[in-house]
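Below is a short briefing on a single structure, arranged by topic.

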Amino acid sequence: MIIVTGTLHARPDTLAEVLRLSREHVARSRAEPGCLEHGVAIDVDDPLRLVFFERWADQAAIGVHLKLPASREFGKQVAALVDQPPTLGLFDASELKRG
């Protein structure tokens, strides 16, 4: 299983649009093969910061997801609406089990 985390930090004037795009992205992603979990939350300490948490069945599933035109378009759209570079982390959960 692959775990993905990410953050976006909206500008005050773009928060509503970043939220709208993020919700659409989450809903679309949840319907993809191999998506086990996909969500976005607002940081309680910084209401302009959105935190993403995803679980994917394997590297192939996340690879397909990242290459989809809709995923790439989401990235381009939000990049123009944020005031800090987005973060993205990928973790192979099978590595965690080996300890």
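The largest nonpolar core has 14 residues; a nonpolar core is a set of buried Ala, Val, Leu, Ile, Met, Phe, Trp, Tyr and Cys residues joined through side-chain atoms within 4.5 Å. Buried means under 20% relative accessible area and exposed over 50%, with partly exposed in between (1.4 Å probe, protein chains only). This is a predicted model: local features need pLDDT of at least 70 and side-chain atom pairs count only at pLDDT 80 or more, while totals for chains, interfaces and linings use all residues. Residues are numbered from 1 along each chain as its sequence is written, and side-chain values use heavy atoms, with hydrogens and water left out.

**Cores**

- Leu8, Val18, Leu50, Phe52 and Phe74 have the most contacts inside the largest core.
- H1, S3 and H3 each supply at least two residues of this core; helices (H or I, at least four residues) and strands (E, at least two) are DSSP runs, numbered from the N terminus.
- H1 gives the largest share, five residues.
- Phe74 touches Leu8, Leu21, Ser22, His25, Arg28 and Phe52, leaving aside residues up to four places away in sequence; contact means heavy atoms within 4.5 Å.
- A second, separate core has six residues, among them Ile2, Cys35, Ala61 and Ile62.

**Sheet**

- Four strands make an open, antiparallel sheet in the order S2-S3-S1-S4; two strands pair if DSSP finds at least two bridges between them.
- S2 (35-42) and S4 (87-92) are the edge strands, each with a single partner, so one side of each has no neighbour in the sheet.
- From one strand to the next, the twist averages 10°; axes are lines fitted to C-alpha atoms, for helices over the stretch in contact, and angles run from 0 to 180 degrees between N-to-C directions.
- S2 and S3 (residues 49-56) run antiparallel and are joined by seven bridges.
- Glu37 has Arg55 as its bridge partner in S3.
- Helix H1 (residues 15-30) packs on the sheet, where H1 touches S1 (2-9), S2 and S3, and its direction makes about 165° with that of S2.

**Helix H2**

- In H2 (residues 59-67), the buried residues are Ala61, Ile62 and His65.
- These cover an arc of only 95° around the axis, which puts them on the same side of H2; the arc is that of the directions from the helix axis to the C-beta atoms.
- The buried residues of H2 pack against S1, H1, S2, S3, H3 (69-79) and S4.
- Exposed residues Ala60, Val64 and Lys67 lie on the face of H2 turned away from its buried side.
- At the start of H2, a side-chain oxygen of Asp58 comes to within 3.3 Å of the backbone nitrogen of Ala60.

Note on methods. Polar contact = N/O pair within 3.5 Å; in protein donor to acceptor, adjacent residues only side chain to side chain.
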